[in-house]
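Keep the structure open as you read.

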Amino acid sequence: MSAREAAGTASTRPAEGTDDDVLLRVRGLQVHFPIKKGLLLDRTVGHVRAVDGVDLDLRRGQTYGLVGESGCGKSTLGRAVLRLEEPTAGSVELDGQDVLALGRGELRSLRRRMQMVFQDPMSSLDPRQSVESILTEPLRAHGVPGGPAAWRERVLELLEVVGLPASAAARYPHEFSGGQRQRIGIARAVALSPDLVVADEPVSALDVSVQAQVVNLLEELQDRLGLTYLVIAHDLAVVRHISDVVGVMYLGVVVEQAPSDELYANPLHPYTLSLMSAIPVPDPAVEDSRERILLTGDLPSPANPPSGCRFHTRCPFRQATRCHDEVPLPRELAPDHVVACHWAEEVRDGRVRASSASHDPTAVVADERA
Amino acid sequence: MPDRRPPSAVPSARPGGGAVPAPEGEALLEVRDLGVEFVRRGAEPVRAVDGVSLSVRPGEVRGLVGESGSGKSVTSLAVMGLLPRRSSRVTGSVRLAGTELLGMAPKRLAALRGDQMAMVFQDPMSSLNPVVPIGTQVTEVLRTHTDVDRAAARDEAEDLLRRVGIPDPRRRLRDYPHQLSGGMRQRALIAIALACKPRLLIADEPTTALDVTIQAQVLELLRQLVGETGTAMLLITHDLGVVAGLCDDVTVMYSGRVVEEASRRELFGRPAHRYTEGLLASVPRMDAPRGEPLRPIPGTPRDLLPWSRACAFAPRCAHADRACADPDLALRELQGLPAGHLARCAHPALPESAAPVTAGVGA
């Protein structure tokens, strides 16, 4: 990582204080979607708490990986940071500037500095636009000086950066494979030399052998352009590979956050533990010997999240006290390692063990039978 | 764990069920030289599957691995006889417990499907009927293939849902697919597939649409079913992690042909084909040191050569040379690798000590 860190610091603006190299600061961010009922009256009968109070700091030149299952609010969080989704409460600061207070015009000019890479390149690229037109659009929209001639040059430069031939400019998205399309999406995101790029599942729609190409490209671009990434993904192996800091989300809240190596070496939150034990490893020896923590049931509805710790309904380490009635606050148990669990130390030290009865679905069945 | 299944769940007299017993150790499914061509008027036929052979024994899980377009799903559809008759040509032989399935009368094949062999598809939302309650969809299979009455079928459906881990099955029987979560839907689909205790279960990417924690639950369920009932399973997937955890033997496909076949440990320990090797190297791993760049396979699965001219993987292969332009590259055993480990490669990756049988060129 030394090369990357060096590149990261090289691109960093002179930092006076420790806080100055935080590019993105999110505090208490909430995104609630109203649930409407009724044809005429349009009553609001409740809220889906997609994101429910998230804090995060993203340093310049670093990559923050956000993992979680579908429906945990990770994509909504990414979109809310860019104000593609209007947050209900909280604050988002990009380089000290309050993103949520901006008017339309100011927001538009700030979008130059924050861009997004979407999951499905087929649906995020206009099939009727040529690649050149796709890549020129952000330049034109933000009035990049130089006019068409300079824009064309920039397009060729962008294609070169993402590893596509110059001839690609005249072609249309359907003529490319999935990996190449994702390269076009990445080229569009970096066209305006943004500071922050939010990448929502950048590789999950791609073939296995192609995923690695795109992951490498993202890392290369970070070195070259000094980008800061917020990467949203469900694949923990990919996130671990590219992230400096990883946050684990469950039902709208970040339950654990730590530097990547630390998190994967010493996961503390029971949800992180079960998530990691659930990931198949392409090595039979590992697969045969590892101990699995199987979770029961599905993600509860974010419209009506469980009381206390949101994970307590599925937690194999659930205790009789505190878990169901007291919301666990994030605590720093190791340097930069923040966990929101009442019993994290006990789980770590093995004083609290996973109850087998509660996490083995077939055992429950057998009990019912008996 | 036979005590988990009450005897009532196994209707003793069932016409068509378990008619042809396969001896232990012998393959239940035997696919030989399977070829599938899609024909279209005014266009060259497309060869999607080319000379694929594989076998699955009872109680065994065979993994079929490949990227999109490798022909793995078409292979499974051909085995089930689900390819459109007008636009596809299937050649070769598919035997289920000794009975040839290719060319079988559609009615007889339909009687086998759901009863002797069943399939779990990738996307449960599009393979369940959205306007029919789950319960009806489960009992439908039972009522078609067995002569249980309505009430008994209902009880058995409830029991099936409970066995696949759906809580409160009696209530769930009345639910429509959209009322179930993704994991529950996939379980319901598995319950339907298992309703008649098929001897062959084909699972086409059964967990790809699911979250990891739910995936772990479903895989565990499949593992138990195979262990308990001796079902033969053909698992189609692109996820090497799933293969490593669940499969006994693995067949790797590329562009319609089998490029490597080995036991699970062999394949992951000593991948011989350069494609398998590249695939394993390109996957980020949870237990590998962080920070090294990944080693991707260059190009895309669409950069192909036709097998009739050369190795289809050659355009993406770092070891390709003139020897790869051999139209007769055979799936063969390699010196230094145990019998049963086959690869179709001119320059296989081999342990240091061993040399390839024919090609002397250093790989």
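## A helix pair in chain A

Let's begin with α5(A) and α6(A), which are oblique to each other, in what is a predicted model. Their axes come within 9 Å and cross at roughly 120°. An angle over 145 degrees would count as roughly antiparallel, and 65 to 115 as roughly perpendicular, so the pair ends up in the oblique class. As for handedness, the α5(A) and α6(A) crossing is right-handed.

Which residues make the contact? On the α5(A) side they are Glu132(A), Leu135(A), Thr136(A), Leu139(A) and Arg140(A), and they meet Trp151(A), Arg154(A), Val155(A) and Leu158(A) of α6(A). Sorted by class, the contact of α5(A) with α6(A) has five nonpolar residues, one polar and three charged. It's handy to recall here that an α-helix has 3.6 residues a turn, so residues three or four places apart point the same way.

## A covered helix, α2(A)

Now move to α2(A), which spans residues 74-81. Is this helix mostly covered or mostly open? It's mostly covered, with eight of its eight residues buried. The buried residues include Lys74(A) and Arg79(A), along with Ser75(A), Thr76(A), Leu77(A), Gly78(A), Ala80(A) and Val81(A). Just past the end of α2(A) there's a backbone detail to look at: Arg83(A) has a positive phi of about 60°.

## How chain A is divided

Where they touch, domain 1 of chain A puts in 20 residues and domain 2 of chain A puts in 13.

On the domain 1 side of that contact in chain A, β2 (43-59) and β10 (253-259) each supply at least two residues. By class, the domain 1 side facing domain 2 in chain A comes to 10 nonpolar, six polar and four charged residues.

## Chain B on its own

Chain B has 363 residues, and 49% of them count as buried. Its secondary structure runs to 11 helices and 12 strands. Take the contacts in chain B between residues at least 6 apart in sequence: 63% of these join residues at least 24 apart.

The division of chain B gives domain 1 (25-116 + 199-253), domain 2 (126-195) and domain 3 (255-285 + 296-343). Between domain 1 and domain 3 of chain B, the C-alpha centres are 21 Å apart. Their contact draws 21 residues from domain 1 of chain B and 20 residues from domain 3 of chain B. Which elements give two or more residues to the domain 1 side of this contact in chain B? They are β2 (43-56), α9 (240-246) and β9 (249-254), and β2(B) gives the most, with six residues. That side of domain 1 of chain B, where it touches domain 3, has 10 nonpolar, six polar and five charged residues.

## Where the chains meet

Across the interface, 44 residues of chain A are in contact with 47 residues of chain B. On the chain A side, the elements giving two or more residues are α8, α9 (236-242), α10 (260-265), α11 (270-278), α12 (284-289) and α15 (361-369). Of the elements of chain A, α8(A) gives the most to the side touching chain B, with eight residues. The chain A residues on this side divide into 23 nonpolar, 11 polar and 10 charged.

One helix pair spans the two chains: α8 of chain A (residues 208-225) packs with α11 of chain B (residues 274-282) at an angle of about 45°, their axes 8 Å apart. With that angle, α8(A) and α11(B) are oblique to each other, and the crossing of α8(A) and α11(B) is left-handed. Val208(A), Ser209(A) and Ala212(A) of α8(A) meet Gly278(B), Leu279(B) and Ser282(B) of α11(B). In the contact of α8(A) with α11(B), three residues are nonpolar, three are polar and none is charged.

Notes: Residues numbered from 1 in each chain as written. Chains lettered and ligands numbered in written order. Predicted model: local features only at pLDDT ≥ 70, side-chain atom pairs only at ≥ 80, totals over all residues. Axes fitted to C-alpha atoms, helices over the stretch in contact; angles between N-to-C directions. Helix = DSSP H or I, 4+ residues; strand = E, 2+ residues; numbered from the N terminus. Parallel < 35°, antiparallel > 145°, perpendicular 65-115°, else oblique. Left-handed = near helix turned anticlockwise from the far one by under 90°. Contact = placed C-beta atoms within 7 Å. Nonpolar A, V, L, I, M, F, W, Y, C, P; charged D, E, K, R; others polar. Domains from an automatic or database assignment. Buried ≥ 20, exposed ≤ 12 C-beta atoms within 10 Å, placed from the backbone.
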